[in-house]
Amino acid sequence: MDEKYFPEQIENKWQQQWAEAGVFEAKENDPREKFYALEMLPYPSGFLHMGHVRNYSIGDALAWFKRLQGLNVLHPIGWDSFGQPAEQAAIKRGVNPREWTETNIAHMRGQLQRLGISYDWSREIAAHRPDYYKWDQWFFLKMLERGLAYKKNSQVNWCPKEETVLSNEQSSGGICWRCGTQVEKRDLEQWFLRITNYAEQLVADIRQIEAGWPEKVLKRQRDWVGRSEGAFIDFQIKDSDKKIRVFTTRIDTIYGATAIVMSAEHPLLDEILEGSTLKADIDAFATKVAQERAARVDEAEEEKEGLNTGVLAINPFSGETLPVWVANYVLMEYGTGAVMSVPGHDERDFEFAQKYSLPIRQVIAPVSHDQIQAEPVPTTAGDASAEMRHSFTDYGVLINSGEWGGKLSEVAVKEMADYAKAHGFGEAAVTYRIRDWGVSRQRFWGAPVPVIYCSNCGTVPVPYEQLPVVLPPTAAFTGTGESPLAGVPEFVNTTCPNCDAPARRDTDTMDTFVDSSWYFFRYVDARNENAPFNPELTRQWTPVDQYIGGDSHAVMHLIYTRFWTKFMRDLGLVDFDEPVKRLLTQGMVTNLVEGTDEWKAMSKSLGNGVDPDEMIAAFGADATRLFVLFAAPVENELRWSESGIEGAVRFLRRVYTMVWRWHERLSNGSREAGASEFSADARALRRKTHQTIAKITSDFEHLHLNTSVAALMELFNQLSDFNGDPAQASESDVFAVREALEALVIMLAPFAPHIAEEMWQGLGHAGGLLTDARRWPDADPELARREELEIPIQVNGKLRSRVIAPPGVSEDELRESALADERVRALIDGREVVKVIVVPERLVNVVIR
RNA sequence: GCGAAAGUGGCGGAAUUGGCAGACGCGCCAGACUUAGGAUCUGGUACCGAAAGGUGUGGGGGUUCGAGUCCCCCCUUUCGCACCA
């Protein structure tokens, strides 16, 4: 090692050695316990940003830790390389998406390598290459075979700016998830995947991962699936054989229904209004609602509006006739697109009824023991609108409900659904908010949908042996909204696999979330040409032990990949339900926006970005990574600070200098503890060493990396205090220093691997830190134990003194020495000692009066 | 509006089961070495107070010998959801 710390030199040296020795390449035939550490694969935009650096530094620390602990670690990386930016670049600047993407990947790979992230590059994948997307297509065909992929003409979310279809998740809130543009609705033939078939499992299996996933992610997933238990009820239309089906979670309130309210988009409307003089009005209303919804910019709720259709429906329980309304607050996308309006017991219905003077009827009374009822309970089934100021939405006891009166809501909910089923006008039902996953994209830069349309045979799947359906080299990027592939005759025109007649290919490509739904299974067997992966190998490596990424993927990616895993399980490719055991959603990296005092996520448009390359050049990869991990807990926002990173270099340089001072003495001296006794200082150093080992080892369990770094600094500080002259040091001192310094170097490796390797070598070790042997030190609890305890003494809860006591001191002894303490005696003099609380080995509290 | 999480020095943040609040770092102050210091090293650094001592974990109450930690009310911030029947 050199006397001075030159990060660039050391980092180049070790990056080269690691690559040559292939130390990060995971081997299958390895008997050691496996660990799969995974970070979300990046989109190759061209440049790494600090969010990536944080993500990969966390993952790398864990990967190193597990390797040093002697585990067989799989730590791969790849590229989410299909997607819109490449195509935008093609449209705007005429560059070829493939070349653009490959150039970006090459650049970013270089950046990752300069950061020294310990990836197994031999398993690198890229979604845009035919050897990868072939398997997207393969999975698509499997879905098709099993009826999980289907085509339907549907209203889809359309982003006018990006000229493409978006999934429901991608257009959440009516705006495009990428560009923020107001989303429109369009009618298009689209491929869908039946994720709804798995809705129940997506909720139920959450309990398998509860322990390892952040609750906030699971909550969002539960909300997305939106499971809701209730009942369907059919309301017969008066003087007609048509029925309106409603979904309700509160069938117990059905005697309180005073209207049926349908969505303005409800397909049944046309039928039931046939010949009605109001039809034109209703149509106009429907158009208006659609427009208002599309134009809604602010997030506020619209005022409820509705229109009476003049049609009447019959309440199957009470036989009563109810008016049928349409209203803007009933959504076609949820439930059945129609509700029974129970203003007495539903806030929205209440508001609606108030506005349109519909009757309000109370049919549930609160079950209260001693509490005065807030609302009067009418004894007749009359209109209660005058008395009620709010709806009463709690469960209670049924009143004004015919033969059901007196039953508790909980009971009625079940029995009334059974009754409806027995009489053929409804049944208990579970609905879900989640809808099927629309995967068609009118895009060039994606995996082509492997389907052929033949005028004789109809829709024909591309035979497996003809996969992959390869993208043409280029196309005309007009940005017209039609897939550019439609303008490439060599691609479109083909022959029917069935009858050899001329036929046309599907010109849509798949949503890029398809690529990322299964990519981490491909890492396991990245070069397999005959299958997406070998199930034997996935059995060895998956599920993923720890997945790390931003929480922006809490719903889309992470729900799709859970769905995909369940599908692969049904195909027999994997034998578990959940792909990821533990998930960490790391916080954002923010920086001050110039001219303000606001911390915002780094971005080009705000001009507050920090270039990782510049940081590496100025401070080194090790210091950059160390700072990123030290500056904040991994799940918190990380506020960038240039002076903070300087502190990290300072620390590394100090450690390096200390190793330099000792390295000759340590690499020659005896490795035995020797017969001589340890001095008090040496014992204290050893204590700190073993305490630190214990602390960091357990911190890794919860990825408390910031406190691990702090512990390393503490150990170093104690070493500095110990120090002394290496040439004069006794054998036992040398032993204590070696123990501390070697532990420090090894435990630094997950945070700053290059300098750790360099120092390890400097301390006289050949062959690098990573071998098959378990190198992580073990904490010896005996050595970590304190020799004497400083026990705080409180009087009436206030700290007044301290006494020194040996470990294992008895409660009586502690009490005695506390009461004998001079300062305590002065305070209790002339007062009555009420009691003395002794917390063994920790604290004494003398209570006086 | 609903839901969740969080509020600790000038800043980022530490603090097993309630038991010494402020670890570690940044910044700042003083000193040393220096032609110089935005390098390095040493020491100091919650607040008030000359000191003794007192006060302190968003605010108010409570439980307890003892509360950053537990309970209740309120305030603020961030995030998520937004008519889900």
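Mentor: In this predicted model, strand S24 (residues 544-550) runs parallel to S25, and six bridges join the two. Within that pairing, Gly550 stands opposite Gln586 of S25. Both strands belong to an open sheet of four strands, ordered S2-S1-S24-S25 and paired in parallel. The edges are taken by strand S2 (72-74) and strand S25 (580-586); each has a single partner strand, so one side of each has no neighbour in the sheet. Direction ignored, neighbouring strands here are turned by 20 degrees against each other on average. Helix H2 (residues 50-68) packs on this sheet and touches strand S1 (34-39) as well as S2, S24 and S25. The direction of H2 makes about 175 degrees with that of S1.

Now the helix pair. Two packed helices are described by the angle between their axes and the distance between those axes. For helix H21 (residues 705-722) and helix H22 (residues 731-748), the axes come within 10 Å and cross at roughly 155 degrees. Angles over 145 degrees count as roughly antiparallel, which means that H21 is roughly antiparallel to H22. The crossing of H21 past H22 is left-handed. On the H21 side, the contact is made by Leu712, Leu715, Phe716, Leu719 and Phe722. These meet H22 residues Asp733, Val737, Ala740, Leu741, Leu744, Met747 and Leu748. By class, the contact of H21 with H22 comprises 11 nonpolar residues, no polar ones and one charged residue.

Key
Residues are numbered from 1 along each chain as its sequence is written. Chains are lettered from A and ligands numbered from 1 in the order in which they are written. This is a predicted model: local features need pLDDT of at least 70, side-chain atom pairs count only at pLDDT 80 or more; totals for chains, interfaces and linings use all residues. Side-chain values use heavy atoms; hydrogens and water are left out. Axes are lines fitted to C-alpha atoms, for helices over the stretch in contact, and angles run from 0 to 180 degrees between N-to-C directions. Angles under 35 degrees count as roughly parallel, over 145 as roughly antiparallel, 65 to 115 as roughly perpendicular and the rest as oblique. A crossing is left-handed if the near helix is turned anticlockwise from the far one by less than a right angle, and right-handed if clockwise. Contact means heavy atoms within 4.5 Å. Ala, Val, Leu, Ile, Met, Phe, Trp, Tyr, Cys and Pro count as nonpolar, Asp, Glu, Lys and Arg as charged, and the others, Gly among them, as polar. Two strands pair if DSSP finds at least two bridges between them.
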